[in-house]
Every structure is written in structure tokens, then in C-alpha cells.
Amino acid sequence: QFVEKSSCAQPLGELTSLDTQGEFGRGGSSSPSSSSLCTEPLIPTTPIIPSEEMAKITCNLETKELWDKFHELGTEMIITKSGRRMFPTIRVSFSGVDPEAKYIVLMDIVPVDNKRYRYAYHRSSWLVAGKADPPLPARLYVHPDSPFTGEQLLKQMVSFEKVKLTNNELDQHGHIILNSMHKYQPRVHIIKKKDHTASLLNLKSEEFRTFIFPETVFTAVTAYQNQLITKLKIDSNPFAKGFRDSSRLTDIERKG
């Protein structure tokens with residue numbers, strides 16, 4: 001089921017009126033109190049059997065090589081009150097779609113487990129620190145270019161570079177809300193848009209597929225814990241050019 005709690009069963013916005021923030025999965029009632037917001041993923045985490053047509057669709061992680069490098073070290077993503085973009089970016093391509101059909105492409109981020117972590121500097125590893133903090137309001141990020149035609153999806157990559165991560169539970173910008181020091185798994189969803197699809201409330205009747213890439217698992221942090229992650233981010237992110245000036249690196253990072 002898509003709507004798992006009565007608090008989720010509120011209109012989630014018309015697809016036609018989505019802004020570029022993809023503010024879609026706010027769920028909950030009109031009350032701003034976070035306790036009334038739905039914390040269950042808005043798309044089920046238990047696999048369902050897709051239709052024969054949807055089963056033909058495959059999804060490929062385009063930035064896999066870079067994600068693998070981060071995954072080996074233990075990926076960390078910064079979260080801030082105002083929202084921070086992810087690096088690496090999730091970029092995917094699809095095949096097996098019907099060129100004539102229309103599709104909505106979405107992303108969400110779900111907890112990997114019910115634990116909170118801490119980074120042990122002397123061991124350079126993550127350790128379980130206790131039970132997870134209470135879950136936060138679940139949000140879906142609808143790609144702002146949705147709906148896509150199948151023809152478009154066969155020709156182009158879908159990039160989620162505008163997704164922002166926040167730790168602000170009262171965020172009004174449609175950013176994905178996460179708990180610091182918790183592990184998360186991004187998920188990419190493709191929904192075949194039917195003529196009557198106005199909002200995600202009728203997702204129950206929609207045909208959809210969910211794709212999970214285990215190498216994109218990350219720990220949300222407010223500051224990088226592992227300095228090798230800091231170095232890899234600086235070395236591989238074109239927007240971090242300013243930090244590559246050796247005067248701004250520590251001796252250890254320079255030697256690395």
C-alpha cells in the first residue's frame with residue numbers, strides 16, 4: 001500500500017503544479033506539526049510483482065564508477081538546515097520503456113536500518129551508537145522534468161542534481177529530511193503515467209518499478225567524519241575547485 005497511515009491520505013499536490021523543488025511528498029494534514037506528517041515511505045519498501053510491461057524496464061546508474069570509490073570508503077553526505085545537494089549525483093538511464101508512453105521519475109531516500117552511528121576516529125570506521133532517532137516526515141522528490149516520454153528516456157540521462165538534503169524537520173522547500181549519523185538508501189522509481197494520473201494519491205493503481213543501487217548507501221552527517229571522504233569529494237567534485245589549492249589542505253590530505 002502506498003498510503004500506509006491515515007495521516008498520509010491527504011492530497012499530495014497536482015503533478016502539473018509541481019515546482020522545480022519537486023515539493024511533492026509532504027504528506028500529512030494541513031497542520032504544520034511534524035507529528036501529523038507521514039513518516040512511512042510513500043512508496044512501499046516491500047517489492048511488488050510488476051506487470052509484464054514494467055518488468056522489461058531496466059535502470060542503469062550512470063555514475064557507478066564514482067559511487068563505487070565512495071562506497072569503498074563509506075559514503076557521507078552533508079545535511080544542512082537550508083539543504084545541501086548530493087555529491088556524487090544520482091544519474092540514471094532507462095531502457096525497455098515504451099517510446100509512446102509517459103513516465104514519472106521520482107526519487108526518495110529510506111533508512112537502511114533502525115540504528116544511529118558514530119565514527120570512531122582511532123579505528124577509522126563507523127560503529128553502532130544506539131537506536132535510531134524517531135523517523136522524519138517521508139518525502140518523494142519528483143524529477144522536475146516529469147512526465148517524460150519513453151522516447152526522451154531512451155535518449156537522455158535523468159540527473160537528480162537538484163535534490164537537496166536537510167535536517168530541518170519543518171522544511172518548507174520540499175527538500176528530503178534526514179537524521180544526522182543515520183544510514184540511508186536512495187531509491188529511484190519510475191511510474192507509467194495514465195491519462196487519469198493527477199496526483200500520487202492514485203499511485204495504488206499505477207504501474208511502477210523501484211530501483212535500488214546498494215553502492216549509493218550513505219551516512220548523513222553535518223560535517224565529514226572520514227578525511228578520506230573529504231579528500232575524494234574535493235578531488236572529484238568540479239564545484240570544489242577552490243578547495244584544491246594545497247594551502248587549504250592538511251598535511252595528511254596532501255600526502256594522500
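Visitor: By class, how many nonpolar, polar and charged residues does the lining of the largest pocket have?

Guide: This is a predicted model, in which local features need pLDDT of at least 70 and side-chain atom pairs count only at pLDDT 80 or more, while totals for chains, interfaces and linings use all residues. Residues are numbered from 1 along each chain as its sequence is written, and side-chain values rest on heavy atoms, with hydrogens and water left out. Ala, Val, Leu, Ile, Met, Phe, Trp, Tyr, Cys and Pro count as nonpolar, Asp, Glu, Lys and Arg as charged, and the others, Gly among them, as polar. The classes of this lining are therefore twelve nonpolar, four polar and five charged.

Visitor: Which residues lie nearest the centre of the largest pocket?

Guide: On a 1 Å grid over the protein atoms alone, a pocket is an open set of points with protein on both sides within 12 Å along at least five of seven lines, and lining residues have an atom within 4 Å of a point. The volume, the space filled by probe spheres set on the points, is about 530 Å³ for the largest pocket. Of its 21 lining residues, those nearest the centre are R85, M86, F87, N237 and F239.

Visitor: Which element gives the most to this lining?

Guide: Helices (H or I, at least four residues) and strands (E, at least two) are DSSP runs, numbered from the N terminus. With three residues, the element that gives the most to the lining of the largest pocket is α4.

Visitor: Which residues of helix α4 are buried?

Guide: Buried means under 20% relative accessible area, exposed over 50%, and partly exposed in between, with a 1.4 Å probe and protein chains only. Within helix α4, residues 227–236, the buried ones are I229, T230, K231, L232, K233 and I234.

Visitor: How many residues does β5 give to the lining of the second largest pocket?

Guide: The second largest pocket has a volume of about 440 Å³. Of the 25 residues that line this pocket, T39, V110, P111, P135 and Y184 are closest to its centre. Two or more lining residues come from each of β5 (102–111) and β12. The share of β5 is the largest, at four residues.

Visitor: Which residues are linked with K64 in a network of salt bridges?

Guide: A salt bridge is a side-chain nitrogen of Lys or Arg within 4 Å of a carboxyl oxygen of Asp or Glu. K64 meets D68 in this way at 3.2 Å, and both lie in helix α2, four residues apart. K64 also forms a salt bridge with E215 at 3.0 Å. The residues linked with K64 in the network are D68 and E215.

Visitor: How far apart are the N and O atoms in the salt bridge of D171 and R139?

Guide: Both D171 and R139 are buried. The salt bridge between their side chains has an N to O distance of 2.6 Å.

Terms used. 1 Å grid on protein atoms, 1.4 Å probe; cavity = no way out; pocket = protein on both sides within 12 Å on 5 of 7 lines; lining within 4 Å.
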